Amino acid sequence: MNTDKNSPICVSLSPHLSVRMAVLGLMIALVVSVPIAGFGIVYVDKNATGGNNGSSWADAYTTIQVGIDDADVSDDEVWVAQGTYCEAIVMKSGVALYGGFNGTETSRSERNWTTNVTTLDGSTVRNGSPAFHVVTMDSITTSTIDGFTITGGNANSSIDSNDKGGGIYCFDLNDTNTISNNKILGNSARYRGGGIYCEQSSPTIMNSTISGNSASRDGGGISCRSRSAPIITDNIISGNSSSRGGGIDCYSSSPRIMRNMISGNSGGGIKYYHSVSVVTNNTILRNSAGQGGGISCFGSSLNIMDNVILQNSSIVGGGIHCSYSSPNIVNNIIADNSANGFSDATSSFGGGIYCYNSDPIIINNTISGNSADGYYEGSGGGICCNYYSSSLIANNTIAGNSASDRYAGSGGGISCYGSVSIINNAIVGNSASKGGGIRCSTGTSAIITNNTIAGNSATKGGGISCCFSSSPMITNTIFSNNDSYDIYEDNTYSDPLLSYNDFYGNAQGIYYDEGTTPYTSVLMMDAAIAECTNNIGLDPLFVGDTLSSGSWTAQVNYNFETFQTTLSDSSASWTSDEHAGRLLNPDTSQNKQFVIVGNTAATITVWGDVTEIAQIGDLYKIFDYHLQPTSPCIDAGGYVSGLSQDFEGDPRPCNATLEPRGDGSDFDIGADEYIGLLWHGFTDSLEGWTTGTAVVFSPPQWVFEPGGLKLISQTNTNTFGFWVSPENAIPVSEGYLYRARFAVSTDVTMPELVPQIRLRVNSSNFQQADCLAIDSSGDGGASPSPDGIAYDLYFVPPTNDDFCMLAFDLLSFNPYDAAHAELALESVLVERFRLDTLDESTTITWTYDFETSQEFWGPGDGTFTFTDPEFFWSDGALHLWSMTNTNTFGYWHSDPIDIIIEEDRLYRGTFEVRTDETDPSRVPHMRLRFNTGNLQASRTLGITSAGDGANSPATTNTTYDRLYFLPPVNCVGKGLIVSFDILNFNPNDAAEASLILDRAIIETLSPPALP
């Protein structure tokens, strides 16, 4: 026994204790039963030859169960040295059992459980027969088993508790118990839970390998039953088998299954029955079952999010199977799964996803390369919604899927039977005999809106096939280059309603009516069929029409670890990852397309195995289904109630032709709402721009002339005024860097006399303002000229707004500037760039953390007209403390010699700011600024507490990484000054409040390659 732990003291006393007891005059007999409080360790080593009392490695117990029994119930640990222990154990509350020691460690951090293999082998412990459970955890709390190989259990009894949980048996456990860092291998159960069985139990199961286990019925790897809610995270669950739920089985349970590799299990990856669960960030790979190779759910409510579901197989629902369920299937990669019934002479449905009488929400997934191959019927290569399933299928890429059977095969991309809404999807490069893109069958009342259905192939209806009294409503959808009619009606009982669609590039025809009458012209179709109105027949002009094509110059390579194929064209010269998210047809002699993961200069990588499709010398084509600026589909769609986003989350509708909103004419046709380029040229009108000033200033003259908006100053001491766009001028989306390029000219010929201009972008909720100010200090080298100068304002909009507005300001306060000056805004061009594709060679130029000093930052104020805040450095931060909410202005600024401006570099500031004001709607106005050392250019990010103040700093650190600045060329070599401002002018804000800067990081990167 270990005398350092919280357990009775043994009779063999240390000299120190003997002396102490002598001094106290105590009897040894009385001391024997007195515990010593504190943390203790019990040692176990099967090869120990000492006193075998668990007090040290030398005197360790030789069996684990004795160590557990000896440990106290409060906070003891049992350390087990490497080796094979042929025993079955029963865990105890409060005891943490750790394996993986070599028998010399003094700290648990020194152990290596993967090297020092510690095995619990239950294969012979029951009189030569396997243990029913190698580990039993029954009605205990705060226990841990960590670092063991657990094997040899076989729960093969007909007695209820002994027919489950061959490896670990859990009953009535709360969430304080942990099973971690174990290998649970080769266990079995007569009924359920070959590896782990949980009943009314919610342990954390983490960082373990659960492999090669089996159960005859449920849960070869893990079984969760009867109100169990375990956290199953970061495990490898592979090669297990059972009739249902080979990897994991859940019955009336609510597990959280996160970040696991669930692969190669027979009986399916995960099986749910009347359960509620979150399944997120897992890789679910090469599992097989009769229903739901990857995931199967019956009567369950699941959130299936951010998973990679690949190469699973079944007869029905290769990737996911839903029956009487309502899962949310969001942001997953569902690729290369198969529903195959040929060997069973049966029908197969839903290679990627199958829904039977279910109401799934299927959003933002990549569903690619899946197949449904049946003997009698193969339906729904990508998705099959069967028997009154009311599904929402939105914002997905459904590409390269196929359906086939010995007779036909229907719905290469989607097969639907029920009330299905198919919205904002790219349904491309799929194939089937009937309905290459979509098959609508048996009374389907589908709503098919704003999709791009292109490059699909079929014998009947490359785009959509309708049969058995199905009458879908098809609106704002692009049909492009599909085989064998874009729309095919099998008989007189189906009457789809077609409006505001674009049909292009189908040589055979666009509409086959009632199985008898073909139409090859949109005009003929609309004139002859009452259900067809306002359709067009023009080239949609996809961005992909301008992209690369060529042939492969090397052998195609499939990677079995990443589940991706790499293809090579040595003649290509692509920019790294420029094609990520686009689609590839790896062999143009067939129609299948695959989603591009990324590319190098001469290689492209796609999801899935395409080695059977693409060979050296095959011609390829890259597709991008975004619209070009001149597409006839822009603003040509019909009004759709409640539709506010396109397939990638951009605002919809977006008025790209500057027509008034609200009449429906600004909905685009197709999955993409064009936002790529916003242009204000003022050629014919003000384009909705209006004027403004402030009462205390002298207003300029506001003049519109075709080709520009003018501000004309009459005094150089007090003039302020601006032009401002409509508040919804710029639709914005999260995840993008925007560039507003303002072209400005002046009639002042001497640049040092040009008044100050400001170019602004404000969020429509007024919680963020981005500003670029140009001043004529010194030689006025950054000021506009009579010939005009273009200024680039880079900005990242706040995440809680959908639109931004533009503004153009004149500030003439300097008596040395021209008293009469005319400034003209000739145009504004707005473009955007994905933040996740910016230059990766970002350089941290400077980090200010203020841990030991102010780092040469100094205070500053506006002028004597403002009340200064309190400036102080404390607790590793710069503080601005306001004492009034009507007139306070002041700032901290960095030393201008810290950062020297480099040529052609975009500067980004990341600021960590907090406040002592608990109500975000009352936080004072904050500004984060870059100034050039010659004071000719200033870039400001302003944050106000307008409305609910959701954008304002919190009492804990709030990170602002939205300040981007491209200095004018004449400022290269000058210093870059970083500033942190408080402006407390709003009586609704707190009078006494602090803004606190904890850290500022300044980085540089290459400006994005925009026009």
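Is Arg 244 buried, partly exposed or exposed? In this predicted model, Arg 244 counts as partly exposed, at a relative accessibility of 32%. The legends below begin with this residue and its salt-bridge partner.

**View 1. Salt bridge between Asp 218 and Arg 244.** The two side chains meet at an N to O distance of 2.8 Å. The pair links distant parts of the chain, its members being 26 residues apart. Asp 218 belongs to the loop between β18 (214-215) and β19 (222-225), and Arg 244 to the loop between β21 (236-238) and β22 (248-251). The whole count comes to 26 salt bridges.

**View 2. Two arginines of β75 and Asp 809 of β78.** Arg 758 and Asp 809 form a salt bridge through their side chains, with 3.0 Å from N to O. Arg 758 lies in strand β75 (residues 756-763) and Asp 809 in strand β78 (residues 803-812), 51 residues apart, so that distant parts of the chain are linked. Arg 758 counts as partly exposed, at 22% relative accessibility, while Asp 809 is buried, with a relative accessible area of 0%. Asp 809 also forms a salt bridge with Arg 760, the closest N and O atoms being 2.7 Å apart. This second pair again links distant parts of the chain, with Arg 760 in strand β75 and Asp 809 in strand β78, 49 residues apart. Both Arg 760 and Asp 809 are buried.

**View 3. A salt-bridge network around Asp 218 and Arg 244.** Salt bridges that share partners join six residues into one network: Arg 192, Arg 217, Asp 218, Arg 225, Arg 244 and Asp 249. The pair of View 1, Asp 218 and Arg 244, is included in this network.

**View 4. An open sheet of seven strands.** The strand order is β61-β67-β64-β65-β66-β63-β62, and the pairing is antiparallel. Strands β61 (549-551) and β62 (557-559) stand at the edges; each has a single partner strand, so one side of each is left without a neighbour in the sheet. From one strand to the next, the twist averages 35 degrees. Within the sheet, strand β65 (residues 594-599) and strand β66 (residues 603-607) run antiparallel and are joined by three bridges. Asn 599 has Ile 604, in β66, as its bridge partner.

View 5. Leu 497 lies in strand β56 (residues 497-499). With a relative accessible area of 38%, Leu 497 is partly exposed.

View 6. A search of the whole structure finds zero disulfides. For Cys 771, the closest cysteine sulfur is that of Cys 804, at 14 Å, which is too far for a bond. The cut-off for a disulfide is a pair of cysteine sulfur atoms within 2.5 Å. Cys 771 counts as buried, at 11% relative accessibility. Cys 804 is buried as well, with a relative accessible area of 2%.

Terms used:
Residues are numbered from 1 along each chain as its sequence is written. This is a predicted model: local features need pLDDT of at least 70, side-chain atom pairs count only at pLDDT 80 or more; totals for chains, interfaces and linings use all residues. Side-chain values use heavy atoms; hydrogens and water are left out. Two strands pair if DSSP finds at least two bridges between them. Helices (H or I, at least four residues) and strands (E, at least two) are DSSP runs, numbered from the N terminus. Axes are lines fitted to C-alpha atoms, for helices over the stretch in contact, and angles run from 0 to 180 degrees between N-to-C directions. Buried means under 20% relative accessible area, exposed over 50%, partly exposed in between (1.4 Å probe, protein chains only). A salt bridge is a side-chain nitrogen of Lys or Arg within 4 Å of a carboxyl oxygen of Asp or Glu.
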